[in-house]
Amino acid sequence: MQAVSTLHHDQTGVSPLGGSGAQAGGASGRLLPEIWMQDGAKRVEQALARLLCAEDDGETELMAAMRYATLRGGKRTRALLCIAAGALADTPAHMLHDVGAAIEMMHACTLVHDDLPAMDDDVLRRGLPTVHVKFGEATAILVGDALQAHAFLTLASLDAPGDNRIELVRELAQAVSAEGAAGGQAVDLSLVGKHVELDRIVAMHRMKTGALVRASVRMGALCTIAEDAAHAALYCALDRYSACFGLALQVVDDILDATADKATLGKTPGKDAAAQKPTCASIMGLQAARQFVLDLLRDAREAIASLGPRAERLAQMLQRANAYLVKHVPCA
């Protein structure tokens, strides 16, 4: 494939842990998925702690609340997707960790705002009190605003050519714009209590959740590979992959909201039904929704098949999602 043949030899077989890929992954010289995912999440966590290090002035708790919103765990799926796509482009690890941190700041921003009483009105996130519960509603609004700003500051300060930084900023801004997460949230709120077609729910999910997933994948490659005619096939494959993956993530979330307990979900279960929100799960039924996720993960795998072994980490992200589905949403 032309888009991949233009890329130079993969250096990601050298483990960022300090040893060779062969040491960590066996004779193949590749890192086992649990090795690079655990390390990637750890390095992104470290980058977040470093980038959000300013001390509060003693009169406010803004930075403490920002760190609370971001440094409380989470699967770091979006940052890992960025790292996995970066492996295709031989993007330097340190750059991917900072870009992943910027993405996680933006993701945290959307979660903090989504949890507000005026939005989804939730009191739990990742098993802990939401930011507005712990710090107050006004501080939570400011936390979301500041995290968004710090995400863009992180991208603007990357050790990368100016054109690359501009593309990264544009990509992340697009993902949370009126055509992305913000617009998707607005649509979500407008559908409460209504009977709508499945296509409308899918379109909303592609904005509210899918846009940031798409940006996460694209940003891993955009650090070093321009989106131009020579690489059109590469970005087409990545976009197909992320469209399927992002929708699958949201449908799983819909299913778990209806079936999981508070400990598994990390937030209040049953919120969608209580708020009369139409979801893929409520419209299709739980088992049909589960099969829909499996179909989406299969389609995502097919989307990157032509990229060959360089897309191995993106394929491993699909395996991880499939394993999570099987564990938490078994067949009836």
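Visitor: What share of the contacts in the protein chain with a separation of 6 or more comes from residues 24 or more positions apart?

Guide: The model is a predicted one. Its protein chain has 17 helices and two strands. Among contacts in the chain with a separation of 6 or more, the share that joins residues 24 or more positions apart is 74%.

Visitor: What percentage of the residues in the protein chain is buried?

Guide: The protein chain exposes about 14,500 Å², and carbon and sulfur atoms supply 56% of that area. A residue counts as buried when its relative accessible area is under 20%. Of the 332 residues in the protein chain, the buried ones make up 49%.

Visitor: Are helix 16 and helix 17 roughly parallel or roughly antiparallel to each other?

Guide: Helix 16 spans residues 286–303 and helix 17 spans residues 312–328; their axes come within 10 Å and cross at roughly 170 degrees. Angles over 145 degrees count as roughly antiparallel. The two helices, helix 16 and helix 17, are therefore roughly antiparallel.

Visitor: Is aspartate 257 buried or exposed?

Guide: Aspartate 257 is found in helix 12, which covers residues 232–259. Beyond its neighbours within four places in sequence, aspartate 257 is in contact with Leu265, Thr268, Pro269, Gly270, Lys271, Asp272 and Ala273. The relative accessibility of aspartate 257 is 7%, so this residue counts as buried.

Visitor: What is the phi of arginine 76?

Guide: Most residues other than glycine have a negative phi. Arginine 76 is found in the loop between helix 4 (62–70) and helix 5 (77–88), and it is buried, with a relative accessible area of 4%. Although arginine 76 is not a glycine, its phi is positive, at about 55 degrees.

Visitor: What is the relative accessible area of aspartate 121?

Guide: Aspartate 121 is found in the loop between helix 6 (93–114) and strand 1 (124–125). Aspartate 121 is not a glycine, yet it has a positive phi of about 55 degrees. Aspartate 121 is partly exposed, and its relative accessible area is 38%.

Terms used:
Residues numbered from 1 in each chain as written. Predicted model: local features only at pLDDT ≥ 70, side-chain atom pairs only at ≥ 80, totals over all residues. Heavy atoms only, no water. Axes fitted to C-alpha atoms, helices over the stretch in contact; angles between N-to-C directions. Helix = DSSP H or I, 4+ residues; strand = E, 2+ residues; numbered from the N terminus. Parallel < 35°, antiparallel > 145°, perpendicular 65-115°, else oblique. Buried < 20%, exposed > 50% of the residue type's maximum accessible area, 1.4 Å probe, protein only. Contact = heavy atoms within 4.5 Å. Areas by Shrake-Rupley, 256 points an atom, 1.4 Å probe, with all protein chains shown as cover.
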